[in-house]
Amino acid sequence: MKIELKDNKVFFENQGLKKEIHPFWLRERVNGDIHLDKKTQQRLFDPTELKKDVKIENLNLSKNFLEITFNDGSYTKLEIQNIFKEFANVNDVKYINKVEWDSSLKNLNNFEFKDNFFEEEEMYKALIYFYKYGFVIFKNVPTQNNFIVKFANSIGSIRRTNFGEFFDVKSKPNPNDLAYTSLSLAPHTDNPYRNPVPCIQMLHCIKNEVSGGLSTLVDGYTVTQKLKKKFPDYYKILSEIKVRFQFVDNSVILEDWSEMIQLDTNGDFKQVRFSPRLDFVPLIDKEKLEIFYSARKKLSELYNSKEYRIEFKLSPGDLLMMDNYRLLHGRTSYDTNEGYRFLQGCYIDYDSTEGKLKHLKRKFNL
Ligand code: OGA
Ligand code: ZN
């Protein structure tokens, strides 16, 4: 990447392609103390109030800086590196490549919790792992009641739901969700009926005295890629038909419509939702439904197959943080006569992890 000047115009060259940078784009980025609040990086002027026909009067290019004087009298010294960064969008987490994994994954992405952990470089590493694998496990997190709230709020802000700020996952009488029993839970994503679906789930193990109740994880991204390759018709229908996900209890009815495999505008993986006790396909043509049901069955087979699932036991102090748009989670059944199994859970959204990651990157100059 390179900056070049000609006739009071600024050109940006990338891989042999040279284009002029709009002078207004540069004018909006004036950064002297009178234009920009240093602490918040917020503009002290409103760019929508500037005249549209801003022109460059004077330019000077050195190794690291571009100095510009505009025809409205404003002057700025821009770091070339910052212009490159804006072009490449290098701060974006979508440039952290996902690692596809299956049952052969051996490294469970463990990170030791310690005081001041959230401001350490180790936290940055944990977050990078989170974006690569879709989960991390923090070890030795204090098992005080609702410590998870403090934990979540130290990364970002907790995402409250109708289950509360956090929820107790244990077998209880009259449960309003199968999670609150000792039954096995097949791989699923949480809260597919919410709009928006909570991005990230945390489960903190407080007590685990039973021999069953193993935690399971499946990489929905790996399975989606597999389905796309081996069963393209199934992939197509599951990424086209919106189904209704529903949760009903005494105080609320929650519904949201979405494809089971949701793609972004480029047709790339965005999100999976899977919870076959809560999904309702619309009344469409019988022929289409025939394919849809075969597709959902195949998808379920893959999600439930040993080939893709990892299984492990959470010990007291372990805190599992997983991407609810990418991973499916579940547990094996357990016997309440053997003792207690008690987890606490909560949700956060992507802005929490992304905000923290960018902050730590800036702090440690990474
Ligand atoms: C849940 C859940 C898994 C477990 O509460 O959403 O899936 O290990 N729990 O109990
Ligand atoms: Zn769950």
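Tutor: Asparagine 146 is partly exposed, with 15 other C-beta atoms within 10 Å. Please bear in mind that this is a predicted model.

Student: Where is asparagine 146 found?

Tutor: Asparagine 146 sits in the loop between strand 8 (135-139) and helix 4. Its phi is near 50°, a positive value in a residue other than glycine.

Student: And asparagine 174, which loop holds that one?

Tutor: Asparagine 174 belongs to the loop between strand 9 (167-169) and strand 10. Although it is not a glycine, asparagine 174 has a positive phi of about 45°.

Student: Is asparagine 174 buried or exposed?

Tutor: Asparagine 174 is exposed, with 5 other C-beta atoms within 10 Å.

Student: Let us turn to helix 8. How many residues has it, and what does it reach from end to end?

Tutor: Helix 8 covers residues 350-363, which makes 14 residues. From its first C-alpha to its last, helix 8 reaches 20 Å, close to the 20 Å expected at 1.5 Å a residue.

Student: Which residues of helix 8 are buried?

Tutor: The buried residues in helix 8 are Ser352, Thr353, Lys356, Leu357 and Leu360. They lie on the same side of helix 8 because they cover an arc of only 120° around the axis.

Student: What covers those buried residues of helix 8?

Tutor: The cover includes helix 3 (121-133), helix 4 (147-155), strand 11 (200-208) and strand 21 (341-348).

Student: Which exposed residues does the face turned away from the buried side carry?

Tutor: That face of helix 8 carries the exposed residues Asp351 and Arg362.

Student: Now the peptide bond from asparagine 195 to proline 196: cis or trans?

Tutor: That bond from asparagine 195 to proline 196 is cis, with omega near -5°. Proline 196 itself is found in the loop between strand 10 (185-188) and strand 11.

Student: Lastly, which residues are around ligand 1?

Tutor: The residues around ligand 1 are Val169, Ala179, Leu185, Asp190, Ser215, His329, Arg331, Leu343 and Gly345. By class, this shell has 4 nonpolar, 3 polar and 2 charged residues.

Student: Which strands each supply at least two residues of the shell around ligand 1?

Tutor: Strand 20 (327-331) and strand 21 each supply at least two residues of that shell. Strand 21 is also among the elements that cover the buried residues of helix 8.

Terms used:
Residues numbered from 1 in each chain as written. Chains lettered and ligands numbered in written order. Predicted model: local features only at pLDDT ≥ 70, side-chain atom pairs only at ≥ 80, totals over all residues. Helix = DSSP H or I, 4+ residues; strand = E, 2+ residues; numbered from the N terminus. Expected span 1.5 Å × (residues − 1). Buried ≥ 20, exposed ≤ 12 C-beta atoms within 10 Å, placed from the backbone. Arc of directions from axis to C-beta. Contact = placed C-beta atoms within 7 Å. Near = placed C-beta within 6 Å. Nonpolar A, V, L, I, M, F, W, Y, C, P; charged D, E, K, R; others polar.
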